[in-house]
Number of protein chains: 2
Amino acid sequence: MISKKMKPFVANNSAVRAMFEEGNKLREKYGADHVYDFSLGNPNVPAPKEVNQAIIDLAQSADPALHGYMNNAGFEDVREAIAQSINKRFGTAFGARNLIMTVGAASGLNILLKSILDPGDEVVTFAPYFVEYGNYVSNYDGVIVEVEPDTATFQPNLEAFAGKITERTKAVIVNNPHNPTGVVYSEETIEKLAQILEDKQQEFGTVIYLISDEPYRELAYDGVTVPYLTKYYANTLVGYSYSKSLSLPGERIGYVVIPDEADGAAELHEAATIANRIIGSVNAPSLMQKVIARCLDCTVDLEYYDRNRKTLYEGLKKVGLECVKPQGAFYLFVKSPVENEKAFVAKAKEYNILLVPGSSFACPGYVRLAYCVSYETIVNSLPAFERLMENYR
Amino acid sequence: MISKKMKPFVANNSAVRAMFEEGNKLREKYGADHVYDFSLGNPNVPAPKEVNQAIIDLAQSADPALHGYMNNAGFEDVREAIAQSINKRFGTAFGARNLIMTVGAASGLNILLKSILDPGDEVVTFAPYFVEYGNYVSNYDGVIVEVEPDTATFQPNLEAFAGKITERTKAVIVNNPHNPTGVVYSEETIEKLAQILEDKQQEFGTVIYLISDEPYRELAYDGVTVPYLTKYYANTLVGYSYSKSLSLPGERIGYVVIPDEADGAAELHEAATIANRIIGSVNAPSLMQKVIARCLDCTVDLEYYDRNRKTLYEGLKKVGLECVKPQGAFYLFVKSPVENEKAFVAKAKEYNILLVPGSSFACPGYVRLAYCVSYETIVNSLPAFERLMENYR
């Protein structure tokens with residue numbers, strides 16, 4: 001009864017569901033405290049108290065416009081306030097005209113891709129990568145092109161990159177800080193990447209948009225700088241989400257930025273605003289738009305994630321696991337001690353440790369750990385990792 | 001720079017924007033009180049006070065799960081509560097398993113269509129109809145098939161309907177109560193429509209889903225009954241929204257129902273849940289899901305709309321305009337006194353009256369009036385209509 005395009009998703013979903021149910025069975029059998037579930041990228045640090053206070057204040061105002069329709073691009077005052085906040089932080093010169101409020105970054109990427117992709121157009125991204133990129137590109141009959149990973153640093157593999165760009169390349173998606181590796185792309189990397197794109201635009205006489213997916217922008221540690229990409233490459237489009245910075249993943253609130261400098265910026269802004277309507281989002285949730293505008297200087301408690309990061313990284317190193325030390329997001333991407341990382345994931349499960357195989361990110365031989373869990377889970381998991389690793393000595 | 005598919009939307013959008021700006025110019029010149037804007041289907045009656053109270057109570061609870069991810073189908077307790085509420089009102093037997101919470105009805109229709117349509121599949125709908133249906137169908141490369149209107153009653157034209165169903169017909173979309181006519185489909189109509197679909201399923205050996213788009217379900221007057229379509233035809237899928245019933249259009253909260261009786265119900269539920277993720281919605285806004293579950297017995301002040309309806313209908317009749325008396329939604333669909341209704345719309349603008357041409361709903365010769373405006377606007381508009389109609393005597 002279902003469409004050909006959806007059939008493989010449904011078939012594959014039973015595997016995901018099976019994994020999820022196995023986790024539940026472990027929790028039932030051993031108790032939730034004795035299962036070390038690193039499989040879910042679901043923020044465990046609560047939203048800052050300012051968020052709930054803003055919700056209360058707005059609901060008490062009972063302004064009828066609070067729950068009403070607005071321009072499909074979002075409330076103008078909210079877009080202007082966010083633009084000014086970005087400008088203050090990154091020295092940009094955006095205004096409300098450059099932003100569209102979206103139903104999370106997922107809708108943001110979708111409205112950008114719908115606006116620019118013709119069937120067969122190519123979108124390049126760097127392995128390992130978030131599997132939904134492929135699905136979003138496929139929504140518009142585009143083709144995802146993977147660049148093989150540089151496993152030494154997990155910075156984008158720029159040599160391989162240049163060879164993947166063709167006349168059909170319409171966009172490149174980067175994710176910074178990065179899921180699943182936690183790596184932050186350095187300014188040097190960004191500058192080289194921008195230069196390659198400039199050269200290729202000239203070589204082919206095309207426009208190549210760089211889509212920067214930034215849900216983890218605020219989750220950066222060790223004082224590292226996360227470059228703002230519009231400053232390095234004119235055809236940069238940004239997708240942002242408050243899911244992680246304010247721990248609001250269920251609320252579906254984010255935005256895209258289309259700078260004036262981008263080719264066809266005004267037309268693209270109009271197309272993406274219409275796409276917001278046509279894909280069914282219509283607009284970002286109205287109350288949450290207003291809440292965000294009151295919480296622009298807030299973030300979740302980053303110290304919590306940072307302690308988790310250090311403890312888990314050091315703990316895993318001690319038991320002999322290898323991993324590029326992450327400076328952002330809330331993930332560690334660990335080299336499997338055996339080539340077939342799915343076997344390692346299965347073995348880990350015997351020790352009540354739940355991991356995600358790198359194959360799910362187009363990067364076999366590695367596993368992803370999401371450390372957005374309680375600190376106790378991390379501390380308690382370390383002896384289990386110790387016992388797990390005894391199998392590989 | 002933008003995709004071929006989006007180009008006509010952008011081209012057409014400038015006409016919409018021009019209309020909107022003309023309205024603003026009129027308001028600037030004559031004052032908002034002297035412009036009678038019937039062009040927007042934006043609820044003007046505020047959300048019930050219970051909604052803002054539920055928002056405050058939930059935010060005060062500061063439950064960390066309030067803003068978190070959940071199953072892409074939505075919170076199970078919310079789905080179960082809504083299912084029980086539907087069961088109580090309509091004698092159905094739904095459970096959480098039959099519902100998916102969605103980013104408004106627009107996302108709901110999109111996830112259903114994405115789940116069932118292969119390129120070239122046909123979706124039948126009855127003119128006049130909401131123009132977005134065509135866009136949603138086109139998102140999945142389906143083909144919209146229009147049934148010509150029965151302008152005597154604006155009930156669906158069932159004779160013409162039977163001839164439009166082919167082997168490629170995958171779905172039929174109905175909208176009850178109806179935008180733009182305000183008509184409520186009678187039980188007799190629904191029974192005949194169901195019989196035609198049963199016969200055609202048998203004739204072609206196919207499954208044809210009846211998608212009932214019901215954002216106006218609660219907006220019914222004169223004690224009229226709005227039949228619950230799953231009781232008349234097994235392959236019925238329902239799309240619902242709280243945009244009108246609770247005046248929350250900006251919040252993007254609704255659901256779809258996939259009854260157990262529908263062909264392939266479990267697989268379809270799974271596909272539509274995955275589609276919710278892939279189209280970029282991911283899930284319906286989490287706080288609003290919980291709010292809805294606390295406001296299941298609330299509706300906006302229907303008396304306000306009803307008074308508007310009666311006053312405008314009687315007033316227009318008095319000046320010689322013809323219209324099927326609407327029993328639902330907040331629209332009147334009025335016969336243009338001249339064949340070219342766009343000329344009538346232009347003439348009306350000279351009297352500061354803003355209308356939408358029926359061509360925008362695939363039904364030229366008529367105009368739509370949205371009476372979700374202040375009562376004063378309606379009362380004050382009647383002398384302007386009187387003067388307008390002097391042109392046609």
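## Basis of the model

The model is predicted: local features need pLDDT of at least 70, side-chain atom pairs count only at pLDDT 80 or more, and totals for chains, interfaces and linings use all residues. Residues are numbered from 1 along each chain as its sequence is written, while chains are lettered from A and ligands numbered from 1 in the order in which they are written.

## Two domains in chain A

Chain A is assigned domain 1 (7–46 + 301–392) and domain 2 (49–293). Such bounds come from an automatic or database domain assignment. The C-alpha centres of the two domains of chain A lie 27 Å apart.

Their contact takes 24 residues from domain 1 of chain A and 26 residues from domain 2 of chain A. Two residues are in contact if their C-beta atoms, placed from the backbone, lie within 7 Å.

## The domain 1 side

On the side of domain 1 that touches domain 2, helix 10 (302–318) and strand 9 (331–335) of chain A each supply at least two residues. Helix 10 of chain A gives the most, with four residues. Helices (H or I, at least four residues) and strands (E, at least two) are DSSP runs, numbered from the N terminus.

By class, this side has 15 nonpolar, six polar and three charged residues. Ala, Val, Leu, Ile, Met, Phe, Trp, Tyr, Cys and Pro count as nonpolar; Asp, Glu, Lys and Arg count as charged; the others, Gly among them, count as polar.

## Chain B against chain A

Here 60 residues of chain B are in contact with 61 residues of chain A. Elements of chain B giving two or more residues to its side include helix 1 (7–30), helix 2 (49–61) and helix 9 (286–293). Helix 4 of chain B supplies the largest share, eight residues. The chain B side divides into 32 nonpolar, 20 polar and eight charged residues.
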